[in-house]
Amino acid sequence: MKYISTRGQAPELTFEDAMLTGLARDGGLYVPAEIPQLSHDDIAALAGLSYEETAFRVMRPFIGDCFTDEEFRAIIDRAYQGFGHAARAPLKQLAPNHFLLELFHGPTLAFKDFAMQLIGQLFQAALERRGDRVTIAGATSGDTGSAAMEAFRGLNNVDVFILYPHGRVSEVQRRQMTTPQDANVHALAVDGDFDDCQARVKDMFNDFDFRDSVKLAGVNSINIARVLAQVVYYFSSAVSLGAPQRKVSFTVPTGNFGDIFAGFIAKQMGLPIDQLVVATNQNDILHRCLSGQGYYKGDTRPSLSPSMDIQVSSNFERALFYAYDQDSGAVAQLMDELKNGGFDVSQGAMEALSETYASGRTSEEETLATIKSELAASGELLCPHGAVAVKVANEHRKAEVPMITLATAHPAKFPAAVEDASGIHPPLPPRMADLYERSERVTRIANDLAALEDHIRKNITH
Ligand SMILES: *Cc1c(COP(=O)(O)O)cnc(C)c1O
């Protein structure tokens with residue numbers, strides 16, 4: 001199994017090298033050269049299996065011979081053992097034929113743990129075998145950073161530097177990044193917004209001297225290993241509701257397009273998905289684009305669902321690559337135009353996108369109203385990201401097809417907004433109850449490439 005860049009100018013890599021590299025050297029994103037297929041019988045045979053066994057069967061074809069079956073099974077088992085729910089990704093019913101997929105039972109209470117815990121174990125196994133070390137740099141709008149630090153803390157072949165927008169993450173998110181005491185994880189509060197953080201990380205990857213000297217690796221949602229880990233719960237939940245005999249739909253609260261793109265891969269692998277619905281908050285570049293208005297950057301406006309506060313959605317490049325029939329030249333040109341503000345999508349690509357994705361947008365008022373109305377209707381307390389998705393799902397669902405809406409974070413991660421909407425202060429699960437008492441460790445830093453690179457060079461522990 002080979003991995004190729006969406007921009008066509010970087011070397012083809014194995015799964016392991018694509019994972020360790022993150023961003024391709026031509027600025028593109030790695031995708032599998034061919035998407036493996038699971039037959040109707042393969043999918044039917046997933047019924048009743050554990051999450052771990054489902055993960056093994058769904059991801060195995062993407063791994064090639066980078067890990068033996070035995071190694072890969074052990075890695076998966078270690079990755080999910082810290083989850084607080086035996087089903088890992090349990091389904092709850094909200095309404096007739098509407099289901100909530102709870103993806104927040106991992107150590108940092110957001111769906112990012114599904115990919116990050118796995119990637120931590122994969123990195124460790126690969127680097128140990130190679131006798132190698134890396135420096136991970138990542139940008140976060142809140143949840144990726146804590147998930148990465150939790151997954152890599154204490155590993156002696158990795159340093160992790162996480163850039164987050166100062167003052168723009170929730171207190172729980174910040175504390176989850178600033179309280180791990182392990183010397184190899186470093187929180188950086190950048191004076192800028194999430195797009196600035198993401199841009200600086202991209203700049204570091206494009207500074208080849210720096211990149212090579214610190215052995216830079218990325219675990220942002222551009223990392224193909226993360227996307228693949230997220231394909232698993234599309235299968236596990238769909239099979240629980242009757243796939244492959246029955247079609248299902250998904251609505252996904254979307255920011256960087258990693259999660260919903262995993263749904264696209266699941267569909268390409270053979271999972272019978274009817275609709276894949278992109279739900280955005282007021283930062284709605286994806287909804288505007290999927291509605292035919294082109295892909296043009298605006299200003300990021302801080303919202304109640306901060307993990308989706310983005311204007312440039314990095315994994316959308318992968319969606320464009322497939323919509324443009326794998327034409328890497330066309331993708332490279334669009335990404336050039338994006339530097340000057342945006343681009344229009346060609347008619348053919350627009351048709352391909354609308355065949356795969358539907359979309360909707362939820363305002364701030366609607367987010368709060370949905371938290372309140374869902375609590376009354378089903379007793380479920382949603383986090384603001386889940387609320388954005390439930391509102392859009394209700395606009396798209398059909399009576400005859402089960403709709404699975406992804407609940408990407410625990411309500412206790414966003415207590416202020418949840419309390420505002422519902423009057424209920426959502427408590428942290430007991431295993432994190434002392435979060436507010438732990439001491440914090442963070443460096444505030446300018447939105448400046450040289451300052452960041454200097455800080456990283458000086459603070460690597462190995
Ligand atoms: C990251 C995140 C999202 C957005 O996921 P993408 O893969 O970036 O589209 C949604 N909700 C929560 C809680 C998140 O942490």
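## Second largest pocket

Three helices each supply at least two residues to the lining of the second largest pocket: α1 (15-21), α5 (112-130) and α9 (208-213). The largest share comes from α1, with 3 residues. The model is a predicted one. The space in this pocket comes to about 310 Å³.

The lining of the second largest pocket holds 17 residues. Nearest its centre lie Leu20, Thr21, Arg25, Arg211 and Leu216. By class, the lining divides into 8 nonpolar, 1 polar and 8 charged residues.

## Largest pocket

The largest pocket holds about 590 Å³ of space. Its lining counts 26 residues, and Ala199, Lys202, Lys297, Val312 and Leu338 are the closest to the centre. Helices α8, α13 (316-323) and α14 (328-339) are the elements that give two or more residues to this lining.

Helix α8 gives the most to the largest pocket, namely 8 residues.

## Cavities

How many cavities of 30 Å³ or more does a search of the whole structure find? The search finds 2. The largest cavity has a volume of about 300 Å³. The second largest cavity holds about 90 Å³ of space.

Around the largest cavity, 28 residues form the lining. Phe111, Lys112, Gly255, Asn256 and Ser307 lie nearest its centre. The elements that give two or more residues here are α6 (143-152), α10 (224-240) and α11 (258-269). Helix α11 has the largest share, with 3 residues. The lining of the largest cavity divides into 10 nonpolar, 14 polar and 4 charged residues.

## Second largest cavity

Which helix gives the largest share of the lining of the second largest cavity? It is α8 (residues 194-206), with 4 residues. The lining includes Gln198, Val201, Lys202 and Phe205. It also includes the run Gly218, Val219, Asn220, Ser221 and Ile222. Ala137, Asn256 and Ser314 belong to the lining as well. By class, the residues divide into 5 nonpolar, 6 polar and 1 charged.

Lys202 lines the second largest cavity and is among the residues closest to the centre of the largest pocket. Asn256 lines the second largest cavity and is among the residues nearest the centre of the largest cavity. Helix α8 gives the largest share of the lining of the second largest cavity, and α8 also gives the most to the lining of the largest pocket.

## Ligand site

A polar backbone atom of Asn256 lies 2.7 Å from an oxygen atom of the ligand. For Phe257, a backbone N or O atom is 3.0 Å from a ligand oxygen atom. A nitrogen atom of the ligand is 2.8 Å from a polar side-chain atom of Thr408. The protein covers 97% of the 380 Å² of accessible area that the ligand has on its own.

## Backbone geometry

Most residues other than glycine have a negative phi, and most peptide bonds are trans. Two places in this model depart from that pattern. The peptide bond between Ala243 and Pro244 is cis, with omega about 5 degrees. Pro244 is found in the loop between α10 and β9 (248-253). Helix α10 is one of the elements that give two or more residues to the lining of the largest cavity.

The other place is Arg88. Its phi is near 65 degrees, a positive value in a residue other than glycine. Arg88 is found in the loop between α4 (69-80) and β3 (91-95).

Note on methods:
Residues numbered from 1 in each chain as written. Predicted model: local features only at pLDDT ≥ 70, side-chain atom pairs only at ≥ 80, totals over all residues. Heavy atoms only, no water. Polar contact = N/O pair within 3.5 Å; in protein donor to acceptor, adjacent residues only side chain to side chain. Areas by Shrake-Rupley, 256 points an atom, 1.4 Å probe, with all protein chains shown as cover. 1 Å grid on protein atoms, 1.4 Å probe; cavity = no way out; pocket = protein on both sides within 12 Å on 5 of 7 lines; lining within 4 Å. Points joined across faces, edges and corners; volume = space filled by probe spheres on them. Nonpolar A, V, L, I, M, F, W, Y, C, P; charged D, E, K, R; others polar.
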